[in-house]
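Student: I have a model open and would like to talk it through with you. Could we go piece by piece?

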Amino acid sequence: MTAIRAATADDAATLLTMMRELGDYQNQGGEVKVSLGRLAELLARPEVGYLIAEREGRAIGYVSWVERVSLWTGQEYLALDDLYVRAGERGEGVGEQLMRTLAEKAAGRVIRWEVAEANVPAQRFYRRIGATVFSKKICRWHVA
Ligand SMILES: CC(C)(COP(=O)(O)OP(=O)(O)OC[C@H]1O[C@@H](n2cnc3c(N)ncnc32)[C@H](O)[C@@H]1OP(=O)(O)O)[C@@H](O)C(=O)NCCC(=O)NCCS
């Protein structure tokens, strides 16, 4: 049986390992640069959320988000950061369970996130659970 619970700062090491696995899956392994100490700090912030999925005490996936506000609507929303289920545990409903538990936490607030154009299986999964998926360019500007 899969259990879903809110993560705490004590889960930082487990979460960092899974975040690196997701980075590798997306060929962005080098982008997960947060230190263990910094992640533990972030986990303690009220606007940061992580749900962890466990089976027989072993972590098998997670979903993470940050609470934000839309200045157009004036409404709070959840900016989903990562959704990840470990290889070997996929296709058994864990991803949907994580998303449904997140939706309960959202309590009517919209959930928004990004998915890579190339990640077609994940897009199919998001559509199947009822999300709207549309394309928009992402801009980043890092002025040295
Ligand atoms: C996308 C993901 C979170 C779905 O979790 P899951 O537990 O496999 O999902 P469920 O069992 O609830 O649903 C299975 C669906 O996920 C799809 N899926 C997406 N990627 C998959 C993968 N790598 N392996 C197996 N199934 C996958 C299945 O095709 C299935 O969709 P379908 O029913 O439309 O065919 C999970 O497959 C995963 O972690 N993939 C790799 C990381 C990733 O792409 N994360 C999303 C980044 S935006």
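Tutor: Gladly, and let us begin with I60, which sits in strand 3, the run of residues 58-69; please keep in mind throughout that this is a predicted model.

Student: Okay, is I60 buried or exposed?

Tutor: I60 counts as buried, because 21 C-beta neighbours lie inside 10 Å, and the cut-off for that class is 20 or more.

Student: Which residues is I60 in contact with, leaving aside its neighbours within four places in sequence?

Tutor: On that basis I60 is in contact with A53, E54 and R55, with V85 and R86, and also with E89 and V94. By contrast, R45 is 15 residues from I60 along the chain, and the C-alpha atoms of these two residues are separated by 23 Å.

Student: Switching to the core, which residues touch the most other members of the largest nonpolar core?

Tutor: Those are L15, L51, Y62 and V63, in a core of 18 residues. Helix 1, strand 2 (48-55), strand 3 and strand 4 each supply at least two of its residues, and the largest share, 5 residues, comes from strand 4.

Student: And what does L51 touch, not counting residues up to four places away?

Tutor: L51 touches Y62 and V63, then I4, R5, A6 and A7, and finally L98, T101 and L102. As general background, nonpolar side chains in soluble globular proteins tend to be buried together.

Student: What about the helices, at what angle do the axes of helix 1 and helix 2 cross?

Tutor: The two axes cross at roughly 110° and come within 9 Å of each other, which means that helix 1 is roughly perpendicular to helix 2.

Student: Which residues meet there?

Tutor: From helix 1 there are A12, A13, L15 and L16, and they meet L36, L39, A40 and L43 of helix 2; by class, the residues of this contact are 8 nonpolar, with no polar and no charged ones.

Student: Now the loop between helix 1 and helix 2, what is the phi of N27 there?

Tutor: N27, which lies in that loop, has a positive phi of about 55° although it is not a glycine. In general, most residues other than glycine have a negative phi. N27 is also exposed, because 10 other C-beta atoms lie within 10 Å.

A107, in the loop between helix 3 and strand 5 (110-112), likewise is not a glycine and has a positive phi, here about 45°; with 8 other C-beta atoms within 10 Å, A107 is exposed.

Student: Last topic, the ligand. How many residues surround it?

Tutor: There are 19 residues around the ligand, and the closest are R90, G95, E96, P121 and F125. Helix 1 (12-25), strand 4 (76-85), helix 3 (94-106) and helix 4 (120-128) each supply at least two residues of that shell, with the largest share, 5 residues, coming from helix 4.

Student: What is the make-up of the shell by class?

Tutor: The shell around the ligand has 10 nonpolar, 4 polar and 5 charged residues.

Note on methods: Residues numbered from 1 in each chain as written. Predicted model: local features only at pLDDT ≥ 70, side-chain atom pairs only at ≥ 80, totals over all residues. Near = placed C-beta within 6 Å. Helix = DSSP H or I, 4+ residues; strand = E, 2+ residues; numbered from the N terminus. Nonpolar A, V, L, I, M, F, W, Y, C, P; charged D, E, K, R; others polar. Buried ≥ 20, exposed ≤ 12 C-beta atoms within 10 Å, placed from the backbone. Contact = placed C-beta atoms within 7 Å. Core = buried A, V, L, I, M, F, W, Y, C linked by C-beta atoms within 7 Å. Axes fitted to C-alpha atoms, helices over the stretch in contact; angles between N-to-C directions. Parallel < 35°, antiparallel > 145°, perpendicular 65-115°, else oblique.
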